[in-house]
Amino acid sequence: MDLLILLLVLPAMGALLILLLPPIASHLIRRVALSASLLTMLYAFWLYLPFDSADPAIQMLSLHEWNARLGTSFALGIDGFSYPLVVLTTLLVFLAIVVSTGVTQRLRGYYMLLLLLESATLGVFVAQDWALFYVFWEMVLIPLFFLIDRWGGVHRQTAALNFVLYTMGGSVFMLLSLLVLFDSNPDHSFLFSSINRSAGSLSTETQVLIFFGLLLGFGVKVPLFPLHGWLPLAHVEAPAPVSILLSGILLKMGGYGLIRAAETLPQAIQTLQNLLLALGLAGLIYGGLLAWRQADLKKMIAYSSVSHMGVVIIGIATLSELGLAGAMFQMVAHGLVAGALFMLIGLLYERTRTRNINDYGSLIQITPRFALLIILAFTGGVGLPGTAGFVGELHILIAGFLHWGWLIALFSLGVLITGVYSIQAVRQLYTGPVNPAMQSVKDLSFQEMFAAGLLVGGTILLGLYPLPLLEIIDASVVQLDGLFIAGPELKP
């Protein structure tokens, strides 16, 4: 079996095995889900051995004709853009299952959906055919809809429907753009490589129109301002493990899609470069301001994700090696930080049954392990030196300054706003008067400490030693940068 097909099959086989188990075997169901996700994660890390980080070409290519009349192929492959997101996906799914002990109802369906979600998301990142990419893109909606609708909060049905309508609305425009690209391809193929060759013959005006359709589809997932309306409600109503995946993985699908769109339509993204900058800055500042004003901790982190993904859009908009590398690094950094914060806040909510930040106070004496990891996670969100966010933001800040000059000072304003609400959250949680109702809150267990510590530790490790991740993405970034017409020198 091809290496990447096995990657997709492992979580799907775990879901199938859970389906065959009796519903009452709750402990066995959880063990199977943990085993399947752990095996998938270890396999994803193992793929680094055959992966050549110096080669920008698509590696481990698996190509099988799907439907010759429709020009579709079951084509899988990875490069420097997709491999880090594959590893991030498997890590976050495994840890989401580890901290799913609070889910006690309909366990078989819950764990099956998590594993099917993992398989579909991995399919998005390894697909090398636009039709296959679109199939996996839409497949992600199905498990997420049911995970929110069946295991969410009071307004879970509204949140699930809102999420699906937003995403499907954007997907319609993406599908139309892909059909136009296919129609203009004389090879009658949806393969990435074939579409990329034929798209170069299109006029700039046509490329821009096609890119707008892709931008709407991917922008909903990012989420790009002002297409972010589904995100806060979905995060608030989703169970904490699902929030980890929504913010840590789902948003990266949008950023990854925009990078693939830039490969296909380089003239279009260059034409819309300043528009992407404006959208990125708007998301960065607007998301930060809304996060600042939230009393609900999950809403705060949800809006902070809008802000952090604005940073990713700015990095992509630079169309430079430095900025694109920063955008990829920031996606991984945000996946770790947002995953850690949603995990920790979710675990805190399970103990206190409140997410209102004003209900807490001086928890540092009662829950020191919570305090340590939440403070470190917020530090990573601010992007202080020594964290992965600092590396990504520094790359983007320098690239942006080289291209737009002092206009990029607005980027610093967004970082400052992030610092303000992060310090405010830490102060409210761990200083001030003691709330007597919080005196019996239990601290993190060893299992929870391991899961959250792995994400926080990864943020610090990449901040102190970013070279391995930068080496993985470097060759692909250099190749993509070569597609753009030479502008200001933006080399690292």
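Which helix holds both Glu 263 and Arg 260, and how many residues apart are they? Both sit in helix α11 (residues 240–264), 3 residues apart, or about one turn of the helix. Helices here are DSSP runs of H or I with at least four residues, numbered from the N terminus.

A quick note on the model: this is a predicted structure, with local features needing pLDDT of at least 70, side-chain atom pairs counting only at pLDDT 80 or more, and totals for chains, interfaces and linings using all residues. Residues are numbered from 1 along each chain as its sequence is written, and side-chain values use heavy atoms, with hydrogens and water left out.

**View 1. Glu 263 and Arg 260 form a salt bridge.** The closest N and O atoms are 2.9 Å apart; the term means a side-chain nitrogen of Lys or Arg within 4 Å of a carboxyl oxygen of Asp or Glu. Arg 260 is buried at 2% relative accessible area, and Glu 263 is buried at 15% (buried is under 20%, exposed over 50%, partly exposed in between, with a 1.4 Å probe and protein chains only). Asp 79 joins these two in a network of salt bridges.

**View 2. Glu 448 pairs up with Arg 351 in a salt bridge.** Here the N to O distance is 2.6 Å. Glu 448 belongs to helix α19 (residues 446–464) and Arg 351 to helix α15 (residues 321–352), so the pair ties together parts 97 residues apart in sequence. Glu 448 is buried at 9%, while Arg 351 is partly exposed at 26%.

**View 3. Arg 150 meets Asp 149 in a salt bridge.** This one comes in at 3.7 Å, N to O. Asp 149 is buried at 10%, whereas Arg 150 is partly exposed at 45%. Searching the whole structure turns up 7 salt bridges.

Notes
Helices (H or I, at least four residues) and strands (E, at least two) are DSSP runs, numbered from the N terminus.
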